[in-house]
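Me: I'm new to this one and would like to go through it slowly. Could you start with the terms as we need them?

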Amino acid sequence: MRCATYSLAAIFALAGGARAEDKPVVVKLNKLSAPAPADWKSEKPSNRLRTYQFKLPGAKDHPAAELSIMNESLPGTDKNFPKWKNTFVAPEGKTVDDLSKTAKWEVPGATVNVLDVTGTWKFKERPLDKKETLLEDWRVIWVIVEEKDETHHIRLNGPAVTVAEHAKALEKWVKSLR
């Protein structure tokens, strides 16, 4: 009997039985939640400010993108959007506003504000780092989800072509928060 049990377990494992990492990660904000899309690979957050972190597949011949979620963030587009825009370098003859798009969405129980910028990003590993790396043809989509009692920041960043492949899925996912 024991051999049959071990054999069944081995067959199940070889056949690709369901594993814990195959289950979608349910992202919980304050009162809102939604399962992450299947192609978002959960990673250990790179710092304590992040509640969730995901790697999103790269576009053909391009690196992967990163999606991070920070809870209990400082609210307000008035302070954050200008600060985030200033992390981009505008090409000669243009302003960062020329490179930026904004949107506002409503989900049950929250207002969502979006800032989408493409260009040369002055990336810093941590907000107060002195060292920055210029990433050309980069796209960053910042999302502020403002619930009544809490604000959450979501950031999708990566090569512009890679982020373009994931932008609609991000929008669909944010709008699915309940």
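Reply: Helices (H or I, at least four residues) and strands (E, at least two) are DSSP runs, numbered from the N terminus. This is a predicted model, in which local features need pLDDT of at least 70 and side-chain atom pairs count only at pLDDT 80 or more, while totals for chains, interfaces and linings use all residues. Residues are numbered from 1 along each chain as its sequence is written, and side-chain values use heavy atoms, with hydrogens and water left out.

Me: Which residues of H4 are buried?

Reply: Buried means under 20% relative accessible area, exposed over 50%, and partly exposed in between, with a 1.4 Å probe and protein chains only. In H4 the buried residues are Ala-160, Thr-162, Val-163, His-166, Ala-167, Leu-170, Trp-173 and Val-174.

Me: Which residues touch the most other members of the largest nonpolar core?

Reply: Leu-170 and Trp-173 do, in a core of 28 residues, where a nonpolar core is a set of buried Ala, Val, Leu, Ile, Met, Phe, Trp, Tyr and Cys residues joined through side-chain atoms within 4.5 Å. H4 gives this core its largest share, five residues. A second, separate core has twelve residues, including Phe-88, Val-96, Val-140 and Ile-144.

Me: What does Leu-170 touch, then?

Reply: Leaving out residues up to four places away in sequence, Leu-170 is in contact (heavy atoms within 4.5 Å) with Trp-40, Leu-67, Ile-141, Val-143, Ile-154 and Leu-156.

Me: Switching topic, is Arg-155 buried or exposed?

Reply: Arg-155, which sits in strand E10 (residues 151–159), is buried, with a relative accessible area of 14%. Beyond four places in sequence, Arg-155 touches Arg-50, Glu-66, Leu-67, Ser-68, Trp-121, Val-140, Ile-141 and Trp-142.

Me: Last one: what is the phi of Asp-61, and where is that residue?

Reply: Its phi is near 60 degrees, a positive value in a residue other than glycine, and Asp-61 is found in the loop between strand E4 (52–56) and strand E5 (65–70). Asp-61 is exposed, at a relative accessible area of 71%.
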